[in-house]
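Biologist: Please take a close look at one part of this model, the protein surface that faces a DNA strand, and describe it in one connected account.

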There are 2 protein chains.
Amino acid sequence: MEDVAELAGVSAMTVSRVLNAPEKVRPETRARVLAAVRELDYRPNSAARVLVTGRSGVLGVVCFDTTLYGPASTLFGIEQAARDSDYLVSIASLPALNRTWITRGIDRLRSQSVDGVIVVAPHESAAEGLRNLPPGLPVVDVGGGTDLPVPVAAVDQYAGAARATRHLLSLGHRTVRHLSGPPNWIDASGRVAGWRSVLEAEGREVPELLVGDWTAYSGYEIGKRLAHEPDVTAIFVANDHMAMGVLRALREMGRRVPEDVSVVGFDDVPEAAYFWPPLTTVRQNFGEVGRQAFQLLLDRIAGGEGEARRMVEPELVVRESTGVSR
Amino acid sequence: MEDVAELAGVSAMTVSRVLNAPEKVRPETRARVLAAVRELDYRPNSAARVLVTGRSGVLGVVCFDTTLYGPASTLFGIEQAARDSDYLVSIASLPALNRTWITRGIDRLRSQSVDGVIVVAPHESAAEGLRNLPPGLPVVDVGGGTDLPVPVAAVDQYAGAARATRHLLSLGHRTVRHLSGPPNWIDASGRVAGWRSVLEAEGREVPELLVGDWTAYSGYEIGKRLAHEPDVTAIFVANDHMAMGVLRALREMGRRVPEDVSVVGFDDVPEAAYFWPPLTTVRQNFGEVGRQAFQLLLDRIAGGEGEARRMVEPELVVRESTGVSR
DNA sequence: CCAGCTCATGGTATCGCTAACAGGCTCTCC
DNA sequence: GGAGAGCCTGTTAGCGATACCATGAGCTGG
């Protein structure tokens, strides 16, 4: 920086000002400095800047498994929003979902002086991990429950599940089975709640809950069991990958979709329209959730104490895997 | 740090040593310092450390679309390896794949004093972006070609495609059609080359190349066209998602898989075993690629000039979408 | 008993930048 | 024409750590 200052015939302070508050420098001086910056290919040292300002322009994301479609898409949304605002994103992935690791992840990021942290761990353990946060560190949660001490951006799982369930009932099905995600996942329990509430509101029997682990494999295994129950005519599956396994199991066992059984998924992965049959599902706009989370975080970093929750509405996408009850 | 030093009755310098070179401090003193560290919940300020040492413990990843299965899995592998070595990962995603953006992504990371950069952009433009790198910055590429000026970790696409093609020929098919990924993607051209070379080596006709864009949609559209060509009995598709579209198109047009047409995919996404029919495909161990890339980068950071290329072998996974030619 | 070594620790300078204040210049306006 | 208000720009100090060298204690060996 000293060199740039010398080349431009000004002091280091002026160079600093050109970079941080250009309007405070006379245009002519500014031009000379910028020319010198280019000439020497000068780049400010962010470590030094962080040291004195305390702000780094980096935000941290704590996440679990970024190969899952939802978290990966959310992360991507966050990254895009961050790029547009000249933030950089550091990620701390967790080997397991529990309080200890979440706390450790946040610590790891904090030690790098991130300006804020977004936690993408839609699991009950996240709540514990967010209980006693280091004071002064802005934190936002993605997909968490309502009882968190931090702002939350999330898709309204309850509403999405309710829509899926109502759709099936409206086709004439007596009731709807639900294959849920693993217990303790916030998304999973939100979908269970939405499903159950619609059945209860409509006075339908609430059948036994089935529990998978998000994988197509678990959908397939549980689907085989379901295929043996002749009174099952409508299944709401908690994500598209499990739904894919269910579709295959039903087909193998000779039950036609949608003639014999209707199936609804959740997520609307890009491939859902190419399942056999094309899958009716609930679209979640993960990218939008990521962007909302980033906005919430920006607000907190700026000292805002405003909104604590931003819900993104899911959308039912009707394709060919659902049909009227026989 | 001063406070810790005082509480432990030592100088700041000793505290620093306890944290960076514990063996140089008498065990007894070390214990006192560590106790003080815990008591005050002291955390070193990484910015200050970076300022003086020049090393940050952060590595950067430049990537394109982290919602794609391959890049997401690779990123995850890198992150896991990094965590195990106490590195943090910053990501810079690119709005478009070209020289300018890649350079800008690297610059963005460099301005944060990352210790090294891994570029996950298996596209020809990456090569240009890697031509004139800032000197002194260790860079490793993932999935790039052979002519890069930096070390590369990659899956051997050529070998994988060759295996897939030979598998189809061994089932008695006269020749094999190939639906490739978009031009200029390294993976895509590697697979094309492997496919073509086997056909030529076996003296088979090399049919016109078909080109998709990695999406199930493009697979579906091109699959519909292929379904009309009765002499097509074997298709090697450049990724599983496109293969899924092809499967659906063939089915819709009344062509049975594998009885009439055999289909092989590439990637082995977790769902491939639940396609209809279960997809024969080429498994790529993306996680391993990520880990190898990280190892290469660590080596470069440490000043190594060793190996420039680490190939990960893909594996043919035979399922039910391929069968003997009629 | 002391030169000469090792080992543990401390003092000081410095990394590159910006906050806070200081000062000089121009301009306005009575 | 001079006080006062702006506007630019410069000077100084310090952010929190580590590199480097100095220092003193304890030990070895002739």
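Modeller: A residue counts as near a strand if one of its heavy atoms lies within 4 Å of it. This is a predicted model, in which local features need pLDDT of at least 70 and side-chain atom pairs count only at pLDDT 80 or more, while totals for chains, interfaces and linings use all residues. Side-chain values use heavy atoms, with hydrogens and water left out. DNA strand C is surrounded by 23 residues, and the closest are Ser16(A), Asn20(A), Tyr42(A), Thr14(B) and Thr29(B). Of the atoms of DNA strand C within 4 Å of the protein, sugar or phosphate holds 65%, and the rest belong to bases. From chain B, Arg26(B) brings a backbone N or O atom to 3.0 Å from a phosphate oxygen of DNA strand C. With helices taken as DSSP runs of H or I of at least four residues, numbered from the N terminus, H2 (12–20) and H4 (46–53) of chain A and H2 (12–20) and H4 (46–53) of chain B each supply at least two residues of this surface, the largest share, five residues, coming from H4(A). The surface near DNA strand C divides into twelve nonpolar, seven polar and four charged residues, where Ala, Val, Leu, Ile, Met, Phe, Trp, Tyr, Cys and Pro count as nonpolar, Asp, Glu, Lys and Arg as charged, and the others, Gly among them, as polar.

Key:
Residues are numbered from 1 along each chain as its sequence is written. Chains are lettered from A and ligands numbered from 1 in the order in which they are written. A polar contact is a pair of N or O atoms within 3.5 Å; within protein, one must be able to donate a hydrogen and the other to accept it, and residues adjacent in sequence count only if both atoms are side-chain atoms.
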